Amino acid sequence: MTLPVSDATPPSATLTITCADQPGIVAAVSQFLRNHGANIIHSDQHSTDPSGGTFFMRMEFYLPGLDHTRDAFTRAFTQVVAEPLSMDWQLNLSSQPKKMVVLVSRYDHCFLDLLWRKRRGELNVEIPLILSNHEDLRRDAEMFGIPFHVIPVSKDNKPEAEAEQLRLMREAGADFAVLARYMQVLSGDFLREFGRPVINIHHSFLPAFVGANPYRAAFNRGVKLIGATSHYVTEELDAGPIIAQDVLHVTHRETPETLMRLGRDVERQVLARAVKAHAEDRVLVHGNKTVVF
């Protein structure tokens, strides 16, 4: 049996910080944590330009009882560190995993891979809900004990369908959503109303071969590499900040069908990598780019 994170390992907390680069940021955060009895486990930082760029930090620490004293800790950090240094920051606890809603159509490879990794304890998330526009994967979802809702989507009912999806996602308390080969384009209204991150997997090494049939396009071009890209969803199709990518070498012997089969293995690995990074607060967005610790 896979133990919950809070039972298998001591619960930790993660601070993610974005601010203007300036001397003393690491020292201020570290000293604050020391003064509150925290033990730092991991620390990563990056600056776009040490002479005046943007500074990014992810600091993971252990502090017993933080789940009960979080509000007081947050107020103190705001007053002592965050406001004086004009930080954009978040505090997340591993004992309170993010709630991830999965949207899927008919392809099962990414979908089943996420559910399997969750069951194995590789992804510290909760999956309260699965949404689909087809019935095909209902039995698979039920095998994992996750509620599965089918909402058909067409050009005639898209606003109503998205409104129902949003209602269910709000009721589930979704912190973010994952498109596990969900073959519908989310509208700008949906993204604005949801107001939380949405992660997509695109079966191409973006920005090459955008659109619906990249394996055929790759075959026609005679590529020697195929790949997959996981990115945050924006209103501009397949153009959101990239989280993870990978490639696979192929030869002239491949057909569109074998390219698709090989590519699906890359897709599921890249999506899992992106979801894990997001769930562990390792991704900081900077414009249309990301810093991934």
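## A briefing on the fold, sheet and cores

The model you are looking at is predicted. Elsewhere in the chain, an open sheet of seven strands shows mixed pairing, and the largest nonpolar core holds 32 residues. Here is a tour by topic.

- Strand β12 covers residues 283-286 and strand β13 covers residues 289-292; the two run antiparallel and are joined by four bridges.
- Within this pair, V283 stands opposite V292 of β13.

**The seven-stranded sheet**

- Reading across the sheet, the strand order is β7-β6-β5-β8-β9-β10-β11.
- The edges are taken by β7 (148-150) and β11 (242-249); each has a single partner strand, so one side of each is left without a neighbour in the sheet.
- On average, neighbouring strands here are turned by 20° against each other, direction ignored.
- Strand β6 (residues 125-132) runs parallel to β7, and three bridges join them.
- In that pairing, L131 stands opposite H149 in β7.

**Helices on the sheet**

- Helix α4 (residues 109-119) lies across β5 (98-104), β6, β8 (176-179) and β9 (198-202), and runs at about 155° to β6.
- Helix α6 (residues 158-172) also packs on the sheet, where it touches β5, β6, β7 and β8. The direction of α6 makes about 165° with that of β6.

**Nonpolar cores**

- Which residues touch the most other members of the largest nonpolar core? They are F111, I130 and L271.
- The elements giving two or more residues to this core are β5, α4, β6, β8, β9, β10 (225-232), β11 and α9 (256-279).
- Helix α9 gives the most, with seven residues.
- Leaving aside residues up to four places away in sequence, F111 touches V102, V104, I130, L137, D140, A141 and A180.
- Another core, of 24 residues, lies apart from the largest one; L15, L33, F73 and V81 are among its members.

**Cysteines**

- How many disulfides does the model contain? The count comes to zero, taking a disulfide as a pair of cysteine sulfur atoms within 2.5 Å.
- Is C19 buried or exposed? Buried means under 20% relative accessible area, and C19 has 5% relative accessibility, so C19 counts as buried.
- C110 counts as buried too, because its relative accessibility is 1%.

Terms used
Residues numbered from 1 in each chain as written. Predicted model: local features only at pLDDT ≥ 70, side-chain atom pairs only at ≥ 80, totals over all residues. Heavy atoms only, no water. Pairing = 2+ DSSP bridges. Axes fitted to C-alpha atoms, helices over the stretch in contact; angles between N-to-C directions. Contact = heavy atoms within 4.5 Å. Buried < 20%, exposed > 50% of the residue type's maximum accessible area, 1.4 Å probe, protein only. Core = buried A, V, L, I, M, F, W, Y, C linked by side-chain atoms within 4.5 Å.
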